[in-house]
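This report walks through one protein model and the ligand that goes with it. Please keep the sequence and the structure in view while reading.

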Amino acid sequence: ASEGEATAASTSADWLGSAPSIAEGDIVETRDTELLIIGAGNAGMAAAATAADLGLDFTLCEKSGSMQSTRHWFGAVNTRYTEEAGAKVDTARLLNELMRYSSCQGDPRVARVWIEESAEMVEWIDPILAAAGMACEFDNDVDHPTGGTEYLVPTIQHYYSGTDAAGEKLERNKVLLAYINERGYDVAYNHSLAKLVQDEAGRVTGAIFETPDGYVQINSERGVLLATGGYSSNSAMLHACNPMVERCVTSQAGSPNNVGDGIRAALWAGAAKDAVGAPLIFDRGAVLPGQNAGIVTEEGTPAGFAGEPVVQFNLGSQPFMKVGRDGKRFYNESTPYNDCCFAAASNEGGVFCQVFDANLKENVKRFSTIGCSRLTQIKLATQPDTPIDEIYAEEMERGVLIKADTLSELADKLGFEGQAKENFLHEVEKNNQFFDNQADLDFGKEPYRLSEIRTAPFYGCWYGGCILCTLDGVRINADMQVLDNDNHVIDGLYATGDCSGSMFANNYPEYFAGLACGRSLTFSRHAVRHMAGDIA
Ligand SMILES: Cc1cc2nc3c(=O)[nH]c(=O)nc-3n(C[C@H](O)[C@H](O)[C@H](O)COP(=O)(O)OP(=O)(O)OC[C@H]3O[C@@H](n4cnc5c(N)ncnc54)[C@H](O)[C@@H]3O)c2cc1C
C-alpha cells in the first residue's frame with residue numbers, strides 16, 4: 001500500500017487516519033545515524049544497550065521527557081538461574097501451549113525466538129545489572145503440598161532488584177540508561193515519531209519526528225526499530241481493535257504516551273497488523289458498587305475508566321468466590337487473570353464481586369498464586385499481625401473494599417437486592433459446601449483453591465479488568481522485520497515489544513509469568529543484532 005492508504009487489517013477503520021503530510025520546508029533539521037531506535041521503554045532500552053555493546057552509532061528517540069517505567073518481572077527460559085534451582089522447562093510443550101493460547105494466530109517461528117534466545121539475553125543483561133548492584137530472584141514455587149494447577153505454569157519469571165551506593169532502589173531501565181551514557185550515548189527526548197521515511201523502492205530509510213523546535217528528520221543507514229509500545233491509551237484503537245476492553249475494563253495502568261503511534265506509522269508504510277486484538281488485562285480494576293466497565297473519557301484524550309485513580313487492587317487476582325450483580329457465580333476463579341474479566345463481560349455492567357472472610361491470610365497462603373498476583377501473598381505474609389483493615393485501609397476508605405459482620409449486611413452494602421441478594425447468600429452456602437466436600441461441582445476449581453466464607457468479619461469488593469497494555473501489533477518475522485500484507489519484509493523496518501505482533505491473540509497467557517517483558521527484551525536484542533549484521 002502506498003503512504004496513507006489503508007491496509008487489509010485496517011480497511012475503513014477511522015483509528016488509522018493517514019500519514020501527516022510534512023513539507024520539506026517544515027523540516028528544521030536533518031540528522032544521520034547508523035541505526036534508529038524509536039521509544040525509550042522496556043524494549044527500546046534493551047535495544048539501545050545492545051547497540052551500545054556493538055559500538056553502533058545509534059540514535060534513540062523518545063516521545064516524552066523521560067524513559068518508560070521499568071516493568072521488573074520478565075520471563076526467560078532455561079536460564080542459569082532456573083537451572084541452578086533444578087527447574088527445567090520442556091520447550092516443545094511451552095511453544096505448543098503458547099500457540100494454543102493464540103490458536104496459532106501468533107507465529108511459532110517468532111515465539112520460538114523468545115524460547116530459544118531469552119537465556120542468552122539473561123547471560124548478556126545479568127552482568128550489566130549485577131555491576132550496578134542488582135541481583136536476580138525467580139519464582140520456583142508452583143508445586144506445593146496442597147495441590148497444583150492443571151495449566152502449564154513454567155518456571156520462567158526473573159526479577160532483578162537492588163539498591164545503589166546511596167541506598168536508592170535500582171531499576172533496570174535506569175541501569176541501562178547509565179550503561180549507554182557511560183559509552184557516550186543518550187536518549188533524544190521529546191522526539192515524537194510523526195511518520196516513517198521510505199525511498200522509492202519502499203525501503204524505510206528513516207523517520208520524521210515532532211520536536212519542540214519543529215520537525216526533525218533522522219536518516220538511518222541500517223533501518224528503523226520501532227519500540228513505541230502498544231495503544232492502551234488510544235480509545236479509538238481500543239474500540240476498533242480490542243472491543244472486549246469496552247465490555248470488561250474499569251481501569252488502565254498503561255502510559256498515556258502509548259497511543260499506537262508506531263503501529264499506525266508502520267501501517268501507513270504498508271505493514272500488516274495482527275487481525276485479532278490481544279489486550280493485557282488483569283482482574284484488579286476495583287470499582288464502587290454500581291460502577292460499570294467501559295471507556296468514560298472522550299475520544300482523542302487518553303482512554304480512562306470509572307475505576308481510576310486507584311488503578312490496580314492486586315487482591316482481585318486471588319481465586320476467592322466471585323459473583324455478578326445477579327449474585328451468581330459465573331466461572332472458575334482459578335484461571336488466568338483475564339479469564340475472569342472476559343467471563344464477566346457478559347455480566348451486567350461487565351463487573352464482578354469478590355468475597356472472602358476473616359481467614360484471608362491463611363487462604364491466600366494456601367492458594368500460592370504465581371506472577372505478580374503473588375504480591376498479595378507477600379504483602380499479607382510480611383504483616384502477620386497487622387489487621388486486614390489496616391493493611392487495606394486505603395481501599396476501605398475509598399469505599400471499594402467493603403466489610404460487614406454478617407453476610408446479609410455484606411450483601412446489602414455490596415448492593416445486592418431482592419432475588420440477587422438471595423442468589424448471593426445461596427451462592428455462599430454452595431461455596432462452603434464445595435469447600436467441605438473439596439469439590440467444585442459447578443466449575444471444577446482445584447480443591448486447594450477452594451475457601452470457606454464462614455468467619456466474620458466478611459469482605460467484598462467489586463472489580464472489572466485493569467488494562468496494562470496491548471500486545472497485538474505489526475506482523476514480524478523471526479528476525480523482527482516488519483511484514484506487509486503479502487508476508488514480504490518491508491526493508492529497513494523492524495519492530496519489538498508491544499508494537500510488534502505475531503505472538504498473541506485474544507489474551508495474555510499470564511501463567512507464562514513475565515512473558516510480555518521477557519519477549520520485549522529478547523526481541524530487541526535479536527533485532528539490533530540482526531540490523532547490525534551480528535547475526536545472520
Ligand atoms: C503497570 C504495568 C506493569 C507491568 N508489569 C509487567 C511485568 O512485571 N512483567 C511483564 O512481563 N510485563 C509487564 N507489563 C507489560 C510490559 O510493560 C510490556 O509488555 C512491554 O514489556 C513494554 O515494552 P515496550 O518497550 O514495548 O513498551 P513501553 O515500555 O511502554 O515503552 C514504549 C515507549 O515508546 C514511547 N513512545 C510512544 N509513542 C512514541 C512516539 N510516537 N515517538 C517516540 N516514542 C514513543 C513511549 O513514551 C514509551 O517510552 C506491565 C505493564 C504495565 C503498564
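## The ligand and its polar partners

In this predicted model, an oxygen atom of the ligand lies 2.8 Å from an N or O atom in the side chain of D498. The side chain of E62 also has an N or O atom at 2.6 Å from a ligand oxygen, and for the side chain of S520 the corresponding distance to an oxygen atom of the ligand is 3.1 Å. The ligand taken alone would expose 1,000 Å², and 93% of that area is buried by the protein.

## The shell around the ligand

How many residues surround the ligand? There are 31 of them, and the closest are E62, R71, W73, D261 and C517; E62 is also the residue whose side chain has an N or O atom 2.6 Å from a ligand oxygen. Sorted by class, the shell consists of 15 polar, 11 nonpolar and five charged residues.

Several elements of the chain contribute to this shell, and at least two residues come from each of helix 1 (42–53), strand 8 (192–198), strand 17 (458–470) and helix 16 (515–532). Of these elements, helix 16 gives the most, with three residues.

## Two domains

The domain assignment divides the chain into domain 1, which is made of the two segments 26–229 and 473–536, and domain 2, which covers 279–467. The C-alpha centres of these two domains are 34 Å apart, and their contact involves 21 residues from domain 1 and 20 residues from domain 2.

Strand 4 and strand 6 (residues 157–161) run antiparallel and are joined by two bridges. If you wish to locate this pairing in the structure, look for G75, whose bridge partner in strand 6 is Q157.

## Two backbone details

Where in the chain is P457 found? P457 sits in the loop between helix 15 (418–437) and strand 17, and the peptide bond that joins A456 and P457 is cis, with omega about 0 degrees.

A second detail concerns C104, which lies in the loop between helix 3 (91–101) and helix 4 (108–132). The phi angle of C104 is near 65 degrees, which is a positive value in a residue other than glycine.

Technical notes: Residues are numbered from 1 along each chain as its sequence is written. This is a predicted model: local features need pLDDT of at least 70, side-chain atom pairs count only at pLDDT 80 or more; totals for chains, interfaces and linings use all residues. Side-chain values use heavy atoms; hydrogens and water are left out. Two strands pair if DSSP finds at least two bridges between them. Helices (H or I, at least four residues) and strands (E, at least two) are DSSP runs, numbered from the N terminus. A residue is near a molecule or strand if one of its heavy atoms lies within 4 Å of it. A polar contact is a pair of N or O atoms within 3.5 Å; within protein, one must be able to donate a hydrogen and the other to accept it, and residues adjacent in sequence count only if both atoms are side-chain atoms. Accessible areas come from the Shrake-Rupley method with a 1.4 Å probe; for residues, only the protein chains shown count as cover. Ala, Val, Leu, Ile, Met, Phe, Trp, Tyr, Cys and Pro count as nonpolar, Asp, Glu, Lys and Arg as charged, and the others, Gly among them, as polar. Domain bounds come from an automatic or database domain assignment. Contact means heavy atoms within 4.5 Å.
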